[in-house]
Every structure is written in structure tokens, then in C-alpha cells.
Amino acid sequence: TLGVESIKQTQFAGVLAMIAISLFMFAIYKIPGLIADVVLVIYGFLVLASLSLVGSTLTLPGIAGFILTLGMAVDANVITFERIKEEMGKGYSIEDSVAKGFENGLPAIIDGNLTTLLIAAVLFSFGTGPVRGFAVTLSLGVMITMLTAIFITKLFMRFVISTFHIKKEKLFWGGINDAKFESDTL
């Protein structure tokens, strides 16, 4: 009974975390935040589907691994969106800023995710039972984080910007004032 209750509480915490993260991303990043929210839902489905494909049962440690990788997925978006803002502040077009933002954020995203995969490999190799379950969920979540952060978010950003003709000053809350942005970030 205690295990079932803990799993229910952790699942509730996961749902609450997704809602809080979605609100945060929109409040901070406006249009890119909304795109990240949609991609996070896709991320969640992909993680759950991949866990189902490998026959993994979502235990308490597995749910914790899922929530952890959800945070990593958000972190990848934050890195990329901040890079996009920096490029826009330098005066690049919105399309060039998106391309450069993803390109410049990529090394940090890959480094963070690869080091986490190494830790997951160690946990899986030397752990037992729940620790191995955590490692499996963590590994799948990290790989899907890289897929969604590097490819799917970029695809959606390009699609939304071109389809809805988003202007540079409308992408983020408060827009980007080229000259002001550089002086504010120094």
C-alpha cells in the first residue's frame, strides 16, 4: 500500500512539474516557450512509449528519472533560447538567430547529456533492481531529450516563424532591441 501511494504521489508531482514548467517557459520565453511546451508533451509521450517498447515498468525510481530528464529537456531549451536572444541582440535576422542559437547551444547540450548518460551507464552496470530501473529511464529520457531539443524544437521554431511570419520583436516578451540587449548583458 505504501508503494502504491508513493507512486501516485510521484505521478502527481510529475504532472504538477510539467504544468509548472509549461507556465514558466511561456512566462519567460513567450513564443519559444509555447513551442517548448508542445515539444515537452511530445517528449513525454516518446519517453513513455519507449519505456513501453522495452517492457519497463514505471516504478518510483523510474518516475524520478522521468522527472529528472524532463528538467534536462527544459534546460536544453533554455540554453538554446538564451543563445537565440544573444544572436538577435547582435543584430542577426530571426532566421539566422535561430540557426546560430541552436548551433551555439549544441555543445553545452551534448556535453550535459553525454555526462548524464555515462552516469546512467555506471548506475545500470553496478546497480540492482530499482537503481537499474532509474538508469534505464534516465538513459531513455536523455536520448529523447537530445532528439527533441536538437531536432524537434528547431523544426517547430522554423515552422512557426515562417508560417506565422513572426517578427524579431515579437518572438520574446519585450522584444529584442539590438543595441540595448548587448549593453544589458555585459
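Me: How many helices and how many strands are there in the protein chain?

Reply: Six helices and zero strands; here helices (H or I, at least four residues) and strands (E, at least two) are DSSP runs, numbered from the N terminus. Read from that end, the order is simply α-α-α-α-α-α. The C-alpha atoms fill a box of roughly 60 × 30 × 30 Å along the principal axes. One caution: this is a predicted model, where local features need pLDDT of at least 70 and side-chain atom pairs count only at pLDDT 80 or more, while totals for chains, interfaces and linings use all residues. Residues are numbered from 1 along each chain as its sequence is written, and side-chain values use heavy atoms, with hydrogens and water left out.

Me: How do I read a helix's length, say for α4?

Reply: The expected span is 1.5 Å times one less than the number of residues. For the 35 residues of α4 that should be 51 Å, and the end C-alpha atoms are 48 Å apart, which agrees. Still, α4 bends by about 35° at threonine 148; the bend is the angle between axes fitted to the seven residues ending there and the seven starting there. Just after α4, histidine 165 takes a positive phi of about 50°.

Me: What describes a pair of aromatic rings?

Reply: The distance of the centres and the angle of the planes. Rings of Phe, Tyr and Trp (its six-membered ring) pair if their centres lie within 6.5 Å; planes under 30 degrees apart count as stacked, over 60 as edge-to-face and the rest as tilted. The structure holds four such pairs. One of them, tyrosine 29 with phenylalanine 172, is edge-to-face, at 6.3 Å centre to centre and 70° between the planes. Tyrosine 29 lies in helix α1 (residues 2-53) and phenylalanine 172 in the loop between α5 (168-171) and α6 (178-185), so the pair ties together parts that are 143 residues apart in sequence. Ring pairs also link Tyr29, Phe81 and Phe172 into a cluster.

Me: Which charged residue lies over the face of phenylalanine 172?

Reply: Lysine 85, at 5.4 Å from the ring centre. The test is NZ of Lys or CZ of Arg within 6 Å of the ring centre and within 35 degrees of the ring normal. Arginine 132 lies over phenylalanine 124 in this way, at 4.1 Å from the ring centre.

Me: Where do nonpolar side chains tend to be in soluble globular proteins?

Reply: They tend to be buried together. A nonpolar core is a set of buried Ala, Val, Leu, Ile, Met, Phe, Trp, Tyr and Cys residues joined through side-chain atoms within 4.5 Å. Buried means under 20% relative accessible area, exposed over 50%, partly exposed in between (1.4 Å probe, protein chains only). In the largest core here, with 31 residues, Phe81, Ile84, Met157, Leu171 and Phe172 touch the most other members. Helix α1 gives the largest share, 11 residues. A second, separate core has six residues, including Ala120 and Leu138.

Me: Is glutamate 87 buried or exposed?

Reply: Buried, with a relative accessible area of 3%. Glutamate 87 sits in helix α2 and, leaving out residues up to four places away in sequence, touches Tyr92, Ser97, Lys100, Gly101 and Asn104; contact means heavy atoms within 4.5 Å.

Me: And how does phenylalanine 124 count?

Reply: As partly exposed, at 36% relative accessibility. Phenylalanine 124 is in helix α3, and beyond its neighbours within four places in sequence it contacts Arg132, Ala135 and Val136.
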